[in-house]
Amino acid sequence: MDVDGAAVGQIGPGLLVLLAVEPGDTEAEAEKLVDRLLRYRVFEDSAGRMNLSLLDTGGGLLLVPQFTLAADTGKGLRPSFTGAAPPEFGRRLFGHAASHARGVIGERLALGQFGAHMRVSLTNDGPVTFWLQVRATT
């Protein structure tokens, strides 16, 4: 991934996560989402079954802020971004999620740059893409 021609984040085998922050999201939800991402069993075991997590494989996590995932596309011909968190709140919560992930996987974490025009490249090894959402339990 690069910004203005400079590489800002890169991983080998692992997960590319596009992370959107919505206005009602909390730090507890961000932590729960990161924990779920790291333990989500989407990598093949020796029998070819999706049975291993990122923690099991030792892979990398490329975490990319992506407010456009919160777009409302329900009507009209242009997306509305009213469903996305305000920039400062989104930046703070993305940073919290990144800090939580770094505390678990350390240097295997790479980050996109919040608010930047990023060029993200992906080699998808398999036919899997998931949309994960969490709500904190009270």
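This is a predicted model: local features need pLDDT of at least 70, side-chain atom pairs count only at pLDDT 80 or more; totals for chains, interfaces and linings use all residues.
Two packed helices are described by the angle between their axes and the distance between the axes. Here the helices are α1, residues 27-39, and α3, residues 87-105. Their axes come within 9 Å and cross at roughly 40°. Angles under 35 degrees count as roughly parallel, and those from 65 to 115 as roughly perpendicular; α1 and α3 are therefore oblique to each other. The crossing of α1 past α3 is right-handed.

Which residues make this contact? On the α1 side they are Glu27, Ala30, Glu31, Val34, Asp35 and Leu38. On the α3 side they are Arg92, Leu93, His96, Ala97, His100, Ala101, Val104 and Ile105. Sorted by class, the contact of α1 with α3 consists of eight nonpolar, two polar and four charged residues.

His96 belongs to helix α3. Gly83 is 13 residues from His96 in sequence, and the C-alpha atoms of the two are 20 Å apart in space.

The pockets are next. Rolling a probe the size of a water molecule over the atoms shows where empty space is left. The largest pocket holds about 1500 Å³ of space. Its lining has 48 residues, and those nearest the centre are Leu15, Leu16, Val17, Leu18 and Phe130. Which elements contribute at least two residues each to this lining? They are β3 (14-19), α1, β4 (43-44) and α3. The largest share, six residues, is supplied by β3. In terms of class, the lining of the largest pocket divides into 31 nonpolar, eleven polar and six charged residues.

The second largest pocket has a volume of about 340 Å³. It is lined by 18 residues, with Pro65, Gln66, Phe67, Phe114 and Gly115 nearest its centre. At least two lining residues come from each of β6 (60-65) and α3. The lining of the second largest pocket contains 13 nonpolar, five polar and no charged residues.

Methods:
Residues are numbered from 1 along each chain as its sequence is written. Side-chain values use heavy atoms; hydrogens and water are left out. Axes are lines fitted to C-alpha atoms, for helices over the stretch in contact, and angles run from 0 to 180 degrees between N-to-C directions. Helices (H or I, at least four residues) and strands (E, at least two) are DSSP runs, numbered from the N terminus. Angles under 35 degrees count as roughly parallel, over 145 as roughly antiparallel, 65 to 115 as roughly perpendicular and the rest as oblique. A crossing is left-handed if the near helix is turned anticlockwise from the far one by less than a right angle, and right-handed if clockwise. Contact means heavy atoms within 4.5 Å. Ala, Val, Leu, Ile, Met, Phe, Trp, Tyr, Cys and Pro count as nonpolar, Asp, Glu, Lys and Arg as charged, and the others, Gly among them, as polar. On a 1 Å grid over the protein atoms alone, a cavity is a set of points where a 1.4 Å probe fits but cannot get out, and a pocket is an open set with protein on both sides within 12 Å along at least five of seven lines; lining residues have an atom within 4 Å of a point. Grid points are joined across faces, edges and corners, and a volume is the space filled by probe spheres set on the points.
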